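Here are my notes for your first read through this model. Keep the 3D view open and click on each residue as we get to it.

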Amino acid sequence: MANLITLSRLILLIVVIYAAYLPFSWWHILNVALLILVFVSDGLDGYVARKRNETSVFGAMFDIASDRIVELAMWIVLVDLAIVPVWVPLVFIIRGTIVDTIRANQVSTAGQTPFAMQKSPLAKWLVAGKFMRIFYAALKATTFCWLLLTRALLALWPDIFGPWATLFEITGILLVYLSVFTCIARGLPVIWEFVYQERDSLVPRRSRGK
């Protein structure tokens, strides 16, 4: 059931992307509500998995893959719509590729769920902590919805919202930069712990005992 919810998220994402390219109408306002639903369902699948005792390594990896697809697809769409610069999705693609490769390697060798692999308290809080996971999801949802909503408002009612265009733009830029910063901050602990573990595994046992 939880995996079906995750799959439904991806189908709804396709609808959101399609609607973003339609001529401006009330549909663009509704599309923002659909995008909110995409992010709300991210928490729903995890809740259902825990309630129905359906948690698994596959489910966790599928959920992460779904998050990555939603995240990257929306950034790429925003670039194509000339709303954000191209370097923004490049940061997310590079960070996501590195982190997901590390996680896949650790899952295959340790058999743990991805968020159970962090060791240090800071890494656990940044990467696996409930607050940071909710904050990051809410930040991305707010950023994407804000950029699409303000674009629609300025196109549909320029006389009303035109004077607010500068404020809309500055707020959007701040949200984008905060999203990029949080993305990097949550990825660094995964990379650091992996490098540290790999380095430690290469140290000869005799030298460890000295």
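1. **A word to know before we start.** A residue counts as buried when its relative accessible area is under 20%, as exposed when it is over 50%, and as partly exposed in between, using a 1.4 Å probe and protein chains only. With that in hand, buried residues are 39% of the 210 residues in this protein.

2. **Where the numbers come from.** This is a predicted model, in which local features need pLDDT of at least 70 and side-chain atom pairs need pLDDT 80 or more, while totals for chains, interfaces and linings use all residues. Residues are numbered from 1 along each chain as its sequence is written, and side-chain values use heavy atoms, with hydrogens and water left out.

3. **The overall layout.** How many helices and strands are there in the protein? There are nine helices and zero strands, so the pattern along the sequence reads α-α-α-α-α-α-α-α-α. Helices (H or I, at least four residues) and strands (E, at least two) are DSSP runs, numbered from the N terminus.

4. **Contacts and surface.** A contact here means heavy atoms within 4.5 Å. Take the contacts with a separation of 6 or more: 75% of them come from residues 24 or more positions apart. The accessible surface is about 12,000 Å², and carbon and sulfur atoms hold 71% of it. That area comes from the Shrake-Rupley method with a 1.4 Å probe; for residues, only the protein chains shown count as cover.

5. **The main core.** Nonpolar side chains tend to be buried together in soluble globular proteins. A nonpolar core is a set of buried Ala, Val, Leu, Ile, Met, Phe, Trp, Tyr and Cys residues joined through side-chain atoms within 4.5 Å. The largest one in this model has 30 residues, and L35, W75 and F92 have the most contacts inside it. Two or more residues each come from α1 (2–20), α2 (26–51), α3 (57–80), α4 (87–110), α6 and α8. Helix α3 gives the most, with seven residues.

6. **F92 and a second core.** Click on F92: leaving aside residues up to four places away in sequence, F92 touches E71, L72, W75, Y136, S179, V180 and C183. There is also a second, separate core of six residues, with V99, I102, M132 and V190 among them.

7. **Aromatic pairs.** Rings of Phe, Tyr and Trp (its six-membered ring) pair if their centres lie within 6.5 Å; planes under 30 degrees apart are stacked, over 60 edge-to-face, and the rest tilted. The whole structure has 10 such pairs.

8. F168 is buried at 11% relative accessibility, whereas W146 is partly exposed at 25% and F161 is partly exposed at 23%. Ring pairs join W26, W146, W157, F161 and F168 into a cluster.

9. **T143.** Is T143 buried or exposed? This residue of helix α6 is buried, with a relative accessible area of 0%. Its side chain reaches the backbone oxygen of L139 at 2.8 Å. T143 also touches W75, L175, V176 and S179, not counting residues up to four places away in sequence.

10. **V32.** V32 sits in helix α2 and is buried, at 8% relative accessible area. V32 and L149 are 117 residues apart in sequence, yet their C-alpha atoms are 6.4 Å apart in space. Beyond residues up to four places away in sequence, V32 touches C145, L148 and L149.

11. **A82, for contrast.** Which loop holds A82? A82 is in the loop between α3 and α4. At 69% relative accessibility, A82 is exposed. Phi of A82 is near 60°, a positive value in a residue other than glycine.

How values were computed: Polar contact = N/O pair within 3.5 Å; in protein donor to acceptor, adjacent residues only side chain to side chain.
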